[in-house]
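Look at the structure first, then read the points below.

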Amino acid sequence: QLQASGGGLVQTGGSLRLSCAASGRSFSGYNMGWFRQAPGKEREFVALISWAGDTTYYKDSVEGRFTVSRDNAKNTVWLQMNGLKPEDTAVYYCAGTRGWSSQQSTYTYWGQGTLVTVSS
């Protein structure tokens with residue numbers, strides 16, 4: 001199981017750090033992704049980190065502002081979000097995949113989301 005946490009209300013330009021904790025199984029062999037779904041929009045890819053933590057990939061609009069990291073010993077993945085903008089407002093989800101893709105269909109495990117609200 002995956003559980004995302006750390007969401008909240010923040011002003012434009014602020015920062016939040018989301019956590020994704022895995023329980024019941026190890027996700028050390030999985031690449032881990034972050035996705036988000038804004039109100040009235042489809043869920044979209046945000047960031048991806050390799051199982052070893054040595055390779056990352058980001059959606060263009062968050063590159064340079066968001067940083068994904070992980071600690072396999074703690075079975076936890078983080079998404080550090082800096083320079084937040086109102087358009088970052090969404091429910092954020094973490095997910096696990098054996099592949100290397102931004103396509104949601106390739107992800108096997110999904111966590112419950114955490115809401116991030118950025119006020120202008």
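Cys-20 and Cys-94 form a disulfide, with an S to S distance of 2.1 Å. The model is predicted. The disulfide count comes to one.

**Disulfide**
- The link between Cys-20 and Cys-94 is right-handed, with 70° about the S-S bond.
- Distant parts of the chain are joined by this pair, as Cys-20 and Cys-94 sit 74 residues apart.
- Cys-20 belongs to strand E3 (residues 16–22), and Cys-94 belongs to strand E9 (residues 90–97).
- Both cysteines, Cys-20 and Cys-94, are buried.

**Largest nonpolar core**
- In soluble globular proteins, nonpolar side chains tend to be buried together.
- The largest nonpolar core here has 28 residues.
- Trp-34, Leu-79, Met-81 and Tyr-92 touch the most other members of this core.
- Strands that each supply at least two residues of this core include E1 (2–5), E4 (31–37), E5 (44–49) and E7 (66–71).
- E3, E8 (76–81), E9 and E11 (114–119) also each supply at least two.
- E3 gives the most to this core, with four residues.

- Another core, of five residues, lies apart from the largest one.
- Among its members are Phe-45, Leu-48, Ala-95 and Tyr-107.

**Contacts of Met-81**
- Leaving out residues up to four places away in sequence, Met-81 touches Gly-14, Ser-15, Leu-16 and Leu-18, among others.
- Met-81 also touches Arg-65, Phe-66, Tyr-92 and Val-116.
- One of these partners, Tyr-92, is listed with Met-81 among the residues that touch the most other core members.

Notes:
Residues numbered from 1 in each chain as written. Predicted model: local features only at pLDDT ≥ 70, side-chain atom pairs only at ≥ 80, totals over all residues. Heavy atoms only, no water. Disulfide = S-S within 2.5 Å. Buried < 20%, exposed > 50% of the residue type's maximum accessible area, 1.4 Å probe, protein only. Core = buried A, V, L, I, M, F, W, Y, C linked by side-chain atoms within 4.5 Å. Contact = heavy atoms within 4.5 Å.
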